Amino acid sequence: MTQAPTPTADIVRRLVRTLLKDERDGETDDGPKVRPVGEDAGPATWWVGTRQVLRLALDRETSIRRRRELRLRELVRPHIPVAVPSSVAHGEWAPGLICTLDTRLAGGSAEEHRVSAVGETDLAGLLTGLREVPVRQAETLGVPRVPPRSLESLRRAAAEAAERLADADEFASHRMRQLTPSAAVQLTAQSGSPVLVHHDLTGAHLVVSADGRVRGVLGWAGAVVGDPAEDIAGLALAVGSPAAVRAATLAGYGARPCLRGLWLARCDAILHLAEALGGGVTGPLPPLLSVRLRRAWEAILLERVTDLRGADDMP
């Protein structure tokens, strides 16, 4: 198998010229202005001028997901109240590897701007719209169906990780005792019709304006058909548990899926932080992981629900 070349500015400029043909947005005499989006994106994502972004698949699996994403975004677009990127052009930048040139959505990220109360209604509309996307059509596009995760298995793993974080003075492990084995069982995902789940609602994938409105959602390549609590969990890590639960409640979700999403987020945050600690990180732990841990463990009104007996009849 021929290894794809490492994308460089020159490679990207030549590629963009081919994709854009007669377009001249942001070009100089040497071609369009291009620059990497950031260190986290590596060589795979580039700003092109001021209005576009180029994404390059670096392996065959990512290429398959990106091709599916192009079709899925068109399916999702009419159902949600926020923008999704539009494809200006796409093609292969190396044999079997797709590249997509997309419109750049105006705004920052949820890591830069705090989501306002009105922005929470935008998130509610997103969750409502995802529930309305026809599942059969999504699966026809190749979106995989994924079974709900076992919260009890996650609870046990997170409890062990919490002890390691406690030894490193990064977390008070006794807080995990709030999720008892019986509560984890009660928060098992209920049987019913699965929905389209974005499955990667990170702060970087939420486009937020300076006034706190959620203007768009990026990163649809990992979408699945499955447990909507996963998206509530993603929002808890991205914008904080109170905002996530308020948005989910506005979208019509009851106490059970909200609590399940909250605990998925809390366990995930502990596991990710412990993984970084076990990976030999020296000095302060990655700040974003610490922020996500704090967001996941923010107190919410539903903390008053102690035994879930009142939530048995909630959706």
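Start at helix α5, where the buried residues (under 20% relative accessible area with a 1.4 Å probe, protein chains only) are Leu151, Glu152, Leu154, Arg155, Ala158, Ala161, Ala162 and Leu165. Bear in mind that this is a predicted model, with local features needing pLDDT of at least 70, side-chain atom pairs counting only at pLDDT 80 or more, and totals for chains, interfaces and linings using all residues. Residues are numbered from 1 along each chain as its sequence is written, and side-chain values use heavy atoms, with hydrogens and water left out.

Just past its end, aspartate 169 has a positive phi of about 60°. Helices here are DSSP runs of H or I with at least four residues, strands are E runs of at least two, and both are numbered from the N terminus.

What sits over those buried residues? The cover includes α6 (181-186) and α9 (255-278). Let's follow α9. Its axis lies 8 Å from that of α5, at an angle of about 40°; axes are lines fitted to C-alpha atoms over the stretch in contact, and angles run from 0 to 180 degrees between N-to-C directions. The pair is therefore oblique, the label for whatever is left once angles under 35 degrees (roughly parallel), over 145 (roughly antiparallel) and 65 to 115 (roughly perpendicular) are taken out. The crossing of α5 and α9 is left-handed. On the α5 side the contact (heavy atoms within 4.5 Å) includes Leu151, Leu154 and Arg155, and on the α9 side Arg260, Trp263 and Leu264 are among the partners. By class, this contact has 15 nonpolar, no polar and 4 charged residues. Here Ala, Val, Leu, Ile, Met, Phe, Trp, Tyr, Cys and Pro count as nonpolar, Asp, Glu, Lys and Arg as charged, and the others, Gly among them, as polar.

Helix α9 also packs with α7 (residues 229-239), at an angle of about 55° and with the axes 7 Å apart. These two are therefore oblique as well. Among the contact residues are Ile232, Ala233 and Ala236 of α7, along with Pro257, Gly261 and Leu264 of α9. That contact has 10 nonpolar, 1 polar and 2 charged residues.

Now zoom out. The protein chain has 10 helices and 12 strands, and 50% of its 315 residues count as buried. Of the contacts between residues at least 6 apart in sequence, 73% join residues at least 24 apart.

Notes. Left-handed = near helix turned anticlockwise from the far one by under 90°.
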